[in-house]
Amino acid sequence: MSEFAVELRGVVKKFITPEGNELNAVDHVTMQIRNGEFFSMLGSSGCGKTTSLRMIAGFEWPTEGEVYIEGKPMGHTPPFQRRVNTVFQSYALFQHMTVFENVAFGLEMEGSSKDEIKKRVAHALGMVQLTGMERRKPKQLSGGQQQRVAVARALVKVPDVLLLDEPLGALDLKLRKEMQLELKALQQQLGITFIYVTHDQEEALTMSDRIAVMSNGKVQQIGTPVEIYERPTNPFVADFIGESNFFAGTLKSLSKFEARVHVPLLNAEVIGLPVSANLVNGEDVVVSIRPEKVRIAEKETMSTNFFRGRITNTVYIGTDTHVYLDVCDAKLKVYEQNRISRLDPRSFYSVGQEVGVMLMPENTLVLKKE
Amino acid sequence: MFQRLRENKSAQGTLLALPTTLWLFVLLIIPLILTLIISFGKRSPDGDVIFTFSMDNYIRLIGYSTDCGGQAWCIDPLYYTILWRSLTLAFNTTVLVILLGYPLAYFIARAHPQRRNLFLFMVLIPLWTNFVIRVYAWMMLLRKEGGINIALGWLANLVGIPFQPLDMLYTPGAVLVGMVYEFLPFMILPIFTSLEKIDTSLYEAAADLGANAIKTFLRVTLPLSMPGVVAGTILVFIPVMGTFIVSDILGGRQVILVGNLIQRQFLDARDPTFGSAASLILMVMTLIVTYFYTRKFGFGEEIVAA
């Protein structure tokens, strides 16, 4: 067994747009998906995540590069000869067949015996809690149930890799959250590699072992949810996952753990953590700090990365209070967790109030400008 | 009053259905009742209808006869032959039209969307020409000195085999060819519609689950396009049962169908009473066939509408 369940090496997929232009829907994508991993491809529509998934499934073939499944180059292997199965965004259930027939379809194609089909279909439907629904037609099921049929139909083939193309997109929020946990539990229980395509960052963060953030056909970053959120390696990822304050600046000095950046808008030097690879002294960089990681302080407690600012707006949203500040010529947003239960309006920050803000160097990321 | 109409959905429905209901009542129900009444009448010597209640026309259709030399009565199979000929022709036409129309509809449905409309347009172009003229065009092609024989003769000459022009016109085959040609678009369009509705991800799902192209077609495409085939069958079978122009022009006196029989009663024999009886029998026969057909396959809407 190969170390990687699926590997993409330098994969390019070109499409011709209706206007006749050539478009790299997938642009030199390289990624390695480990066995038994819950791997997500995350990005907004048109970022190439679904096309990448379809090339793994065999519905599309790469224009350049190669897809490997269990170490074997796939070339032009048709879908039905790959040990991967897909759960489609639209579910793609066969409306003219019952739930049982839908799930049995893949086994019939394998030529399994009637008894075995019965046994395995019952097992698969049990896994997704649809026992007793065998004789229903897909139209007689709710959206969530149809989704489960699609999962059972793919899993009954015991694939090496299960590909899921935004499988929860059509469900309402509550059901989606339930299904997220169920799918994750199912994946852990079966130990099958899941490759999950989604545009919902919360979904990706909740479910995945690792995430590939994609945009414009390129992989922006691959990492665990914590790595992606805490150490985004470029401004796109920092902006796409969660929220960030960004300041443009010039890199003044650089060591392994510390980067000094002159930020004109703050009229000061900021000390931060060099995150992007290949930073060069003197180049233009972006300083990024998450709003919940900025500290508001009355008194100056640090000699560096401490700034005075004026509050321009505050928004109370229950769990947090969002505080918007003008700091020098820069705008800064700060999310303060409401740790203490209180009602007195005087205990909140007020507009016009002068406060100090601290940007802790370990929370202040220095990223290569794109 | 308009205020109340705006709020009353069922009254709105009634109002919308009213023009068509009136139209159908005046032009379908009343003529049908008249036909029924006339079919029980008798023909006067100068070809008028004498209104009475007589079963003579139906007895004649059954073929019951007392004029059969020696025996007290016998059954004349003439009208059964005509009816059977009509049924088999309608059946054969429908089958051929499905076999020819399905692949074309499939091809159009899977064609690039930009080209799809052009193809559909091409299917519809023949319908711009008058029905009768198109049948005459086939006459030009099929007759002894016609296009097909000229082409065949030229080919035979090229290969160097002696060639006798074929007698194609005024044969059952000519009628079949004409019918298939005339009714092909009515099969292609509904099949196309139901094929076009099939989500392409279903083909991918089938391939993903291990089905090759043939199995995908038999297990997924064909069942999901059956509503189109059923609708097309109804659109083709029923008119073929009743039409008389194709058989009149391409079949001559050789191929007489129920339609020709009825037409001749009204125009040549000037016996509207017998013509009416024959029309009603044709209608009943068609209804019976359609009834059993739709009971087995539905009207072709279940899967699409579901």
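Biologist: How many residues of chain A are in contact with chain B?
Modeller: In this predicted model, 20 residues of chain A are in contact with 17 residues of chain B. Contact is defined by C-beta atoms, placed from the backbone, that lie within 7 Å.

Biologist: Which elements of chain A supply at least two residues each to that side?
Modeller: They are strand E6 (84-87) and helix H2 (99-110) of chain A. H2(A) gives the most, with four residues. Helices (H or I, at least four residues) and strands (E, at least two) are DSSP runs, numbered from the N terminus.

Biologist: And by class, what does the side of chain A that touches chain B have?
Modeller: That side has 10 nonpolar, six polar and four charged residues. Ala, Val, Leu, Ile, Met, Phe, Trp, Tyr, Cys and Pro count as nonpolar, Asp, Glu, Lys and Arg as charged, and the others, Gly among them, as polar.

Biologist: A word on conventions, please: what do the numbers and letters stand for?
Modeller: Residues are numbered from 1 along each chain as its sequence is written, while chains are lettered from A and ligands numbered from 1 in the order in which they are written. Since you are looking at a predicted model, local features need pLDDT of at least 70 and side-chain atom pairs count only at pLDDT 80 or more, whereas totals for chains, interfaces and linings use all residues.

Biologist: Back to chain A. Into which domains is it divided?
Modeller: Chain A has domain 1 (4-230) and domain 2 (235-368), with bounds from an automatic or database domain assignment. Their C-alpha centres lie 39 Å apart. Seven residues from domain 1 of chain A and five residues from domain 2 of chain A take part in the contact.

Biologist: Which elements give two or more residues on the domain 1 side?
Modeller: Strand E9 (210-215), strand E10 (218-223) and helix H7 (225-230) of chain A do. The residues of that side divide into three nonpolar, four polar and no charged.

Biologist: You mentioned E6 and E10. In what order do the strands of their sheet stand?
Modeller: The open sheet of chain A has six strands in the order E6-E7-E8-E3-E9-E10, with mixed pairing. Two strands pair if DSSP finds at least two bridges between them.

Biologist: Why is one side of E6 and of E10 left without a neighbour?
Modeller: E6 and E10 of chain A stand at the edges and each has a single partner strand, so one side of each has no neighbour in the sheet.

Biologist: What about E7 and E8, parallel or antiparallel?
Modeller: Strand E7 (residues 161-165) and strand E8 (residues 193-198) of chain A are parallel, over five bridges. Leu163(A) stands opposite Ile195(A) in E8(A).

Biologist: Next, how many bridges join E16 to E17 in chain A?
Modeller: Seven bridges join strand E16 (residues 306-316) to strand E17 (residues 320-327) of chain A, and the two run antiparallel. Ile311(A) has Leu325(A) as its bridge partner in E17(A). Three residues lie between the strands of this hairpin, where Gly318(A) takes a positive phi near 95°.

Biologist: With which strand does E17 pair over eight bridges?
Modeller: E17(A) pairs in the antiparallel sense with strand E18 (residues 330-337) of chain A. Thr321(A) has Glu336(A) as its bridge partner in E18(A). This hairpin has two residues between its strands, and Cys328(A) in the turn has a positive phi of about 55°.

Biologist: Finally, how many helices and strands has chain B?
Modeller: Chain B has 14 helices and four strands. Its C-alpha trace spans about 85 × 75 × 35 Å along the principal axes.

Note on methods: Two residues are in contact if their C-beta atoms, placed from the backbone, lie within 7 Å.
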